[in-house]
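Student: I'd like to go through this model with you, starting with the terms and then moving on to the packing. Could you take it slowly?

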Amino acid sequence: MPKLTEIEKGNEYMVAALIKIREAVPLNVLYERIHGHKPEPMEEKRFYNRFRAARSNPGMGFLGVCVAHCPEIQDLSLAEIFSIEPTEPETK
């Protein structure tokens, strides 16, 4: 797998998506929606750590599962989830 440059890593987009999910629903509620039961203390800590950018680098699969179980943000565009400001298309 090729090494990503700092620009390609896109950490700011990951952080923005994690914040958007955390703002939409309490994490304990999201855990229950995904897993169908209340978390044990270690499960809860592990799940909470997935939402801390310093402790985790969640993939799109994890973010997709969260959005799939979080109807509060399902009507948002990808740009809104990733906090991307609209830009004008470049003309040549």
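Tutor: Let us begin with burial: a residue is buried under 20% relative accessible area, exposed over 50% and partly exposed in between, with a 1.4 Å probe and protein chains only. On that scale Tyr31 counts as buried, because its relative accessibility is 5%. Please keep in mind that this is a predicted model, in which local features need pLDDT of at least 70 and side-chain atom pairs count only at pLDDT 80 or more, while totals for chains, interfaces and linings use all residues. Residues are numbered from 1 along each chain as its sequence is written, and side-chain values use heavy atoms, with hydrogens and water left out.

Student: Which helix holds Tyr31, and what does Tyr31 touch, not counting residues up to four places away in sequence?

Tutor: Tyr31 sits in helix α3, where helices (H or I, at least four residues) and strands (E, at least two) are DSSP runs, numbered from the N terminus. Taking contact as heavy atoms within 4.5 Å, and not counting residues up to four places away in sequence, Tyr31 touches Gly36, His37, Lys38, Pro39, Glu43 and Phe47. For Glu43, which is 12 residues from Tyr31 along the chain, the separation between the C-alpha atoms is 9.2 Å.

Student: Stepping back, how many helices and strands are there?

Tutor: The chain has 6 helices and 0 strands, and the pattern read along the sequence is α-α-α-α-α-α.

Student: How do α3 and α4 pack?

Tutor: Their axes are 10 Å apart and the angle between α3 and α4 is about 105°, where axes are lines fitted to C-alpha atoms, for helices over the stretch in contact, and angles run from 0 to 180 degrees between N-to-C directions. That makes α3 roughly perpendicular to α4, since angles under 35 degrees count as roughly parallel, over 145 as roughly antiparallel, 65 to 115 as roughly perpendicular and the rest as oblique. On the α3 side the contact is made by Leu27, Asn28, Leu30, Tyr31 and Ile34, and on the α4 side by Glu43, Glu44, Phe47 and Tyr48.

Student: Is Asn28 buried or partly exposed?

Tutor: Asn28 counts as partly exposed, because its relative accessibility is 30%. Leaving aside neighbours within four places in sequence, Asn28 is in contact with Glu44 and Tyr48.

Student: Now α2 and α5: what angle do they make?

Tutor: They pack at about 25°, with the axes of α2 and α5 11 Å apart. That makes α2 roughly parallel to α5. Ala17, Leu18 and Ile21 of α2 make the contact with Leu63, Cys66 and Val67 of α5.

Student: Which residues sit at the centre of the contacts in the largest nonpolar core?

Tutor: A nonpolar core is a set of buried Ala, Val, Leu, Ile, Met, Phe, Trp, Tyr and Cys residues joined through side-chain atoms within 4.5 Å. The largest one has 17 residues, and those that touch the most other members are Ile21, Leu30, Phe47, Phe51, Phe62, Leu63 and Cys66. At least two residues of this core come from each of α2 (11–24), α3 (27–35) and α5 (60–68), and α2 gives the largest share, 4 residues. As for Leu63, not counting residues up to four places away in sequence, it touches Ala17, Leu18, Ile21 and Pro58.

Student: What share of the chain counts as buried?

Tutor: Of its 92 residues, 25% count as buried. Among contacts in the chain with a separation of 6 or more, 61% are between residues 24 or more positions apart.

Student: Last topic: where does Ser83 lie?

Tutor: Ser83 lies in the segment after α6 (78–81), and it has a positive phi of about 55° although it is not a glycine. Ser83 counts as partly exposed, at 45% relative accessibility. Within α6 itself is Ala79, which is 62 residues from Ala17 in sequence and 9.8 Å from it in space, C-alpha to C-alpha.
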